[in-house]
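Please keep the sequence and the 3D view open while reading.

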Amino acid sequence: MRFTYAEAMTDPAFYAPLAKAAEDAGYTSMSIADSVVYPRESDSTYPYTADGNREFLEDKPFIETFILIAALGAVTTTLRFTPFVLKLPIRPPVLVAKQATSIASMTGGRLGLGVGLSPWPEDFQVMGVPWERRGRRMDEAIDIIRGLSTGDYFEFHGEHFDIPAIKMTPARPFPILVGGHSEPALRRAVVRGDGWMHAGGDDLDALLARLNDIRKQEGRENDPFEVHVISMDAYTPDGVKRLEDKGVTDVIVGFRSPYAKGPDTQPLAKKIEHLERFAETVIAKVGP
């Protein structure tokens, strides 16, 4: 089992010491949140809170995902970074490919590119991207990013993107991890991705069962495939074993609720204390 440390919407000055502390404590990865803007007015609901309220996001600090990974990659040597998740269809895929291959090259391959759909129509609006057909746009974006990450000449002619033969240098392939709980998201993870990212809540066992069904249907049940989950089972050695038995490869753990309104008041020292205690009580007992 691999362990991902999750911290977001906190004082930007905390990220570098937290990344170094997580690496020293034995975590494999650190998840990096993504948010572009917060609209003053919106009818949208958040899919991962009980009441759909998104006000907890207002005034929370978000450093641009690739910039933060680059900064943290410079102060660490083994820690992997997994965007959780990059809102892919609102971005130009060629630019994302350049950013991701650059990060992978600069960090020695320490990137697992988590991607997903933004639930906010406002994200699409302010980026000048149609909300309609966003799933198909994301499919094409994944294909483009994968093609350009090889370093070979690649061209693409689709519904949303038409790209002549081009190449990127330097280029370095990286796993693409698809987030989401819907049927299209699970199928996209299997058909186009190298893994799946669970956003918490919902029936994890049912989602894992459906994911395995799709892998069998697509003839990919024996292919390498990462499964990243959020679960209370991750907080005990016995629970980690149960998750391993279900095919989970990576657990994502955090030590405060990200849904609380207002600024994060937890001191840096307390954050480091929490992540180190978990490493001592769970990571060290589970072993490599």
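## Two cis peptide bonds

Val85 sits in the loop that joins β3 (80–83) to β4 (86–87). The peptide bond leading from Phe84 into Val85 is cis, with omega near -15°. Helices (H or I, at least four residues) and strands (E, at least two) are DSSP runs, numbered from the N terminus. The bond from Thr169 to Pro170 is also cis, and its omega is near 0°. Pro170 belongs to the loop between β7 and β8.

The model is predicted, so local features need pLDDT of at least 70 and side-chain atom pairs count only at pLDDT 80 or more, while totals for chains, interfaces and linings use all residues. Residues are numbered from 1 along each chain as its sequence is written, and side-chain values use heavy atoms, with hydrogens and water left out.

## Two residues with positive phi

Met9 is not a glycine, yet its phi is positive, at about 55°. Met9 lies in the loop between β1 (2–6) and α1 (15–25). With a relative accessible area of 8%, Met9 is buried (buried means under 20% relative accessible area, exposed over 50%, partly exposed in between, using a 1.4 Å probe and protein chains only).

Arg133 is not a glycine either, and has a positive phi of about 60°. Its place is the loop between α4 (121–126) and α5. Arg133 is partly exposed, with a relative accessible area of 49%.

## Helix α3 and its neighbours

Two packed helices are described by the angle between their axes and the distance between the axes. Axes are lines fitted to C-alpha atoms, for helices over the stretch in contact, and angles run from 0 to 180 degrees between N-to-C directions. Helix α3 (residues 93–106) packs against helix α5 (residues 134–148) at about 40°, with the axes 9 Å apart. That makes α3 oblique to α5 (under 35 degrees is roughly parallel, over 145 roughly antiparallel, 65 to 115 roughly perpendicular, and the rest oblique). The contact (heavy atoms within 4.5 Å) joins Pro93, Val94, Val96 and Ala97 of α3 to Ala141, Ile144, Ile145 and Leu148 of α5.

Helix α2 (residues 65–73) meets α3 at an angle of about 10°, with axes 10 Å apart. The two helices α2 and α3 are therefore roughly parallel to each other. Phe66, Ile69 and Ala70 of α2 touch Val96, Gln99, Ala100 and Ile103 of α3.

## Helix α5

How many of the 15 residues of α5 are buried? The count is 11, so α5 is mostly covered. Among the buried ones are Arg137, Asp139 and Glu140. The cover over the buried residues of α5 includes α3, β5 (113–116), β6 (154–157) and α6.

## Helices α6 and α7

Helix α6 (residues 183–191) and helix α7 (residues 204–217) pack at about 50°, their axes 9 Å apart. That makes α6 oblique to α7. Glu183, Leu186, Arg187 and Val190 of α6 meet residues of α7 including Leu207, Arg210 and Ile214.

## Phe278

Phe278 is part of helix α9 (residues 268–286). It is buried, with a relative accessible area of 5%. Beyond residues up to four places away in sequence, Phe278 touches Phe3, Tyr27, Ala234, Tyr235, Val253, Phe255 and Ile283. Tyr27 is 251 residues from Phe278 along the chain, and their C-alpha atoms are separated by 9.9 Å.
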